Amino acid sequence: MSREPQIKGFAIRGLLKFVKESSYAGGIPSLLEKLPIDAQPFFRERILSSLWYPYAAFSALARTIESEMGAGDVALLEDIGRLSGRQDLGGIFRFITAILTVERVVNRSPAFWNRYCDSGELEVVESGQGRFTVRLKDFPKIDRAHCHMITGWIRGLGEGTGVKNFESRKVRCVHSGDSWCEYQGTWS
Ligand SMILES: [Zn+2]
(Lines give C-alpha, C1' and ligand atoms only; values in the text may rest on other atoms or scores of the structure.)
Protein backbone atom coordinates (compact mmCIF):
# COMPACT_ATOMS: atom_id res chain seq x y z
CA MET A 1 0.00 0.00 0.00
CA SER A 2 1.45 3.37 -0.93
CA ARG A 3 1.86 5.98 1.76
CA GLU A 4 -0.42 9.02 1.63
CA PRO A 5 1.30 12.26 0.61
CA GLN A 6 1.89 15.00 3.15
CA ILE A 7 2.31 18.76 2.87
CA LYS A 8 3.75 21.37 5.22
CA GLY A 9 1.45 23.41 7.43
CA PHE A 10 2.58 26.67 5.83
CA ALA A 11 0.84 25.68 2.58
CA ILE A 12 -2.43 25.18 4.47
CA ARG A 13 -1.90 28.39 6.43
CA GLY A 14 -1.40 30.23 3.13
CA LEU A 15 -4.86 29.13 1.99
CA LEU A 16 -6.43 30.10 5.31
CA LYS A 17 -4.73 33.51 5.14
CA PHE A 18 -6.23 34.04 1.71
CA VAL A 19 -9.73 33.35 3.09
CA LYS A 20 -9.12 35.58 6.10
CA GLU A 21 -8.09 38.51 3.91
CA SER A 22 -10.95 38.02 1.48
CA SER A 23 -14.48 39.32 1.81
CA TYR A 24 -15.90 35.81 2.23
CA ALA A 25 -18.92 36.10 4.55
CA GLY A 26 -18.20 34.58 7.94
CA GLY A 27 -14.51 34.21 7.16
CA ILE A 28 -12.51 31.08 7.93
CA PRO A 29 -15.08 29.46 10.31
CA SER A 30 -17.84 29.62 7.67
CA LEU A 31 -15.59 28.25 4.98
CA LEU A 32 -14.42 25.36 7.16
CA GLU A 33 -18.05 24.36 7.70
CA LYS A 34 -18.29 23.76 3.95
CA LEU A 35 -15.44 21.23 3.98
CA PRO A 36 -16.25 17.58 3.45
CA ILE A 37 -16.97 16.02 6.87
CA ASP A 38 -13.89 13.78 6.81
CA ALA A 39 -11.58 16.78 6.27
CA GLN A 40 -13.00 18.89 9.11
CA PRO A 41 -11.12 17.29 12.05
CA PHE A 42 -7.74 18.46 10.68
CA PHE A 43 -8.79 22.07 11.12
CA ARG A 44 -10.03 21.85 14.70
CA GLU A 45 -6.59 22.63 16.04
CA ARG A 46 -4.21 25.36 15.05
CA ILE A 47 -2.22 24.46 11.93
CA LEU A 48 1.50 24.89 12.54
CA SER A 49 3.72 26.02 9.64
CA SER A 50 6.53 23.56 10.22
CA LEU A 51 4.50 20.37 10.74
CA TRP A 52 3.47 17.88 8.07
CA TYR A 53 -0.25 17.40 7.38
CA PRO A 54 -2.17 15.00 5.14
CA TYR A 55 -2.18 16.21 1.56
CA ALA A 56 -5.87 15.28 1.42
CA ALA A 57 -6.65 18.00 4.00
CA PHE A 58 -4.85 20.60 1.89
CA SER A 59 -6.57 19.58 -1.33
CA ALA A 60 -10.01 19.46 0.34
CA LEU A 61 -9.44 23.03 1.54
CA ALA A 62 -8.26 24.20 -1.90
CA ARG A 63 -11.29 22.64 -3.60
CA THR A 64 -13.68 24.13 -1.06
CA ILE A 65 -12.16 27.58 -1.59
CA GLU A 66 -12.51 27.09 -5.33
CA SER A 67 -16.15 26.06 -5.15
CA GLU A 68 -17.16 28.63 -2.52
CA MET A 69 -15.20 31.64 -3.71
CA GLY A 70 -14.28 31.00 -7.34
CA ALA A 71 -16.13 32.11 -10.42
CA GLY A 72 -16.31 28.65 -11.97
CA ASP A 73 -12.92 28.83 -13.66
CA VAL A 74 -9.36 28.32 -12.45
CA ALA A 75 -8.53 32.05 -12.14
CA LEU A 76 -8.96 32.09 -8.36
CA LEU A 77 -6.62 29.13 -7.85
CA GLU A 78 -4.01 30.77 -10.05
CA ASP A 79 -4.39 34.02 -8.12
CA ILE A 80 -3.89 32.24 -4.79
CA GLY A 81 -0.77 30.55 -6.17
CA ARG A 82 0.50 33.87 -7.45
CA LEU A 83 0.14 35.53 -4.05
CA SER A 84 1.95 32.62 -2.37
CA GLY A 85 4.76 32.88 -4.90
CA ARG A 86 5.19 36.55 -4.03
CA GLN A 87 5.26 35.73 -0.32
CA ASP A 88 7.65 32.79 -0.71
CA LEU A 89 10.05 34.96 -2.66
CA GLY A 90 10.29 37.36 0.26
CA GLY A 91 10.34 34.46 2.71
CA ILE A 92 11.87 31.08 2.06
CA PHE A 93 13.64 32.02 -1.19
CA ARG A 94 15.16 35.05 0.46
CA PHE A 95 16.58 32.61 2.96
CA ILE A 96 18.07 30.22 0.42
CA THR A 97 19.35 32.78 -2.09
CA ALA A 98 20.11 36.42 -1.39
CA ILE A 99 20.16 37.44 -5.06
CA LEU A 100 16.78 36.85 -6.57
CA THR A 101 17.13 36.36 -10.29
CA VAL A 102 14.72 34.13 -12.20
CA GLU A 103 17.54 31.67 -12.95
CA ARG A 104 18.53 31.35 -9.30
CA VAL A 105 14.97 30.93 -8.13
CA VAL A 106 14.36 28.25 -10.79
CA ASN A 107 17.55 26.43 -9.84
CA ARG A 108 16.56 26.46 -6.17
CA SER A 109 12.98 25.41 -6.75
CA PRO A 110 13.61 21.62 -6.55
CA ALA A 111 15.02 22.03 -3.02
CA PHE A 112 12.07 24.23 -2.12
CA TRP A 113 9.57 21.64 -3.35
CA ASN A 114 10.76 18.97 -0.96
CA ARG A 115 10.54 21.31 2.04
CA TYR A 116 6.96 21.94 1.10
CA CYS A 117 5.63 18.57 -0.04
CA ASP A 118 6.98 15.08 0.69
CA SER A 119 5.79 13.64 -2.62
CA GLY A 120 6.97 14.34 -6.15
CA GLU A 121 10.26 15.59 -7.48
CA LEU A 122 10.60 18.96 -9.17
CA GLU A 123 13.13 18.85 -11.96
CA VAL A 124 14.52 21.80 -13.92
CA VAL A 125 14.41 20.83 -17.60
CA GLU A 126 15.72 24.11 -18.99
CA SER A 127 16.50 27.53 -17.58
CA GLY A 128 17.80 30.69 -19.20
CA GLN A 129 17.39 33.05 -22.16
CA GLY A 130 13.94 34.19 -21.23
CA ARG A 131 12.48 30.77 -20.66
CA PHE A 132 12.38 27.91 -18.22
CA THR A 133 10.66 24.57 -17.96
CA VAL A 134 10.19 22.61 -14.75
CA ARG A 135 8.74 19.14 -14.47
CA LEU A 136 6.94 17.71 -11.45
CA LYS A 137 7.41 13.95 -11.50
CA ASP A 138 6.36 11.00 -9.33
CA PHE A 139 3.30 12.69 -7.92
CA PRO A 140 0.31 10.93 -9.53
CA LYS A 141 -1.91 11.99 -6.60
CA ILE A 142 -1.41 15.71 -7.14
CA ASP A 143 -4.76 17.45 -6.93
CA ARG A 144 -6.06 19.21 -10.03
CA ALA A 145 -6.62 22.37 -7.96
CA HIS A 146 -3.00 22.26 -6.79
CA CYS A 147 -1.74 22.08 -10.41
CA HIS A 148 -3.46 25.38 -11.14
CA MET A 149 -2.09 26.94 -7.98
CA ILE A 150 1.43 25.93 -9.04
CA THR A 151 0.96 27.69 -12.39
CA GLY A 152 0.14 30.87 -10.46
CA TRP A 153 2.91 30.24 -7.92
CA ILE A 154 5.49 30.21 -10.74
CA ARG A 155 4.06 33.46 -12.05
CA GLY A 156 4.29 35.05 -8.58
CA LEU A 157 7.92 33.99 -8.23
CA GLY A 158 8.83 35.20 -11.71
CA GLU A 159 7.09 38.57 -11.39
CA GLY A 160 8.59 39.06 -7.95
CA THR A 161 12.13 38.91 -9.35
CA GLY A 162 11.28 42.03 -11.33
CA VAL A 163 11.55 40.71 -14.91
CA LYS A 164 9.17 42.09 -17.49
CA ASN A 165 6.21 40.35 -19.12
CA PHE A 166 6.49 37.16 -17.14
CA GLU A 167 4.02 34.47 -18.20
CA SER A 168 3.59 30.98 -16.83
CA ARG A 169 1.62 28.07 -18.14
CA LYS A 170 1.02 24.41 -17.53
CA VAL A 171 2.05 22.47 -20.61
CA ARG A 172 1.55 18.91 -19.36
CA CYS A 173 -0.56 17.49 -16.55
CA VAL A 174 -1.27 14.09 -15.04
CA HIS A 175 -4.94 15.13 -15.14
CA SER A 176 -4.69 15.39 -18.94
CA GLY A 177 -3.21 11.92 -19.27
CA ASP A 178 0.48 12.92 -19.17
CA SER A 179 2.99 11.01 -17.01
CA TRP A 180 3.96 14.18 -15.14
CA CYS A 181 2.98 17.86 -14.78
CA GLU A 182 5.15 20.38 -16.58
CA TYR A 183 5.21 24.17 -16.34
CA GLN A 184 6.87 26.82 -18.43
CA GLY A 185 7.73 30.40 -17.70
CA THR A 186 8.73 32.99 -20.27
CA TRP A 187 9.78 36.59 -19.87
CA SER A 188 11.37 39.35 -21.88
ZN1 LIG B 1 -0.97 18.74 -13.17
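Q: What radius of gyration does the protein chain have, against that of a compact globule with 188 residues?
A: This is a predicted model, where local features need pLDDT of at least 70, side-chain atom pairs count only at pLDDT 80 or more, and totals for chains, interfaces and linings use all residues. Residues are numbered from 1 along each chain as its sequence is written. The radius is taken over C-alpha atoms, and the globule rule is 2.2 Å times the number of residues to the power 0.38. For 188 residues a compact globule would come near 16 Å, and the chain agrees at 16 Å.

Q: How many helices and strands does the protein chain have?
A: Both are DSSP runs, numbered from the N terminus: helices are H or I with at least four residues, strands E with at least two. Along the sequence the pattern reads β-α-α-β-α-α-α-α-β-β-α-β-β. The count is seven helices and six strands.

Q: Is Ala11 buried or exposed?
A: A residue is buried if 20 or more other C-beta atoms, placed from the backbone, lie within 10 Å of its own, exposed if 12 or fewer, and partly exposed in between. Ala11 sits in helix H1 (residues 9-20). Because Ala11 has 20 other C-beta atoms within 10 Å, it is buried.

Q: Which residues is Ala11 in contact with, leaving aside neighbours within four places in sequence?
A: Contact means C-beta atoms, placed from the backbone, within 7 Å. With those neighbours set aside, the partners of Ala11 are Phe58 and Tyr116.

Q: What length does helix H4 reach from its first C-alpha to its last?
A: The expected span is 1.5 Å times one less than the number of residues. H4 (residues 75-90) has 16 residues, with 22 Å expected. Close to that, H4 reaches 23 Å.

Definitions and conventions: Two residues are in contact if their C-beta atoms, placed from the backbone, lie within 7 Å.
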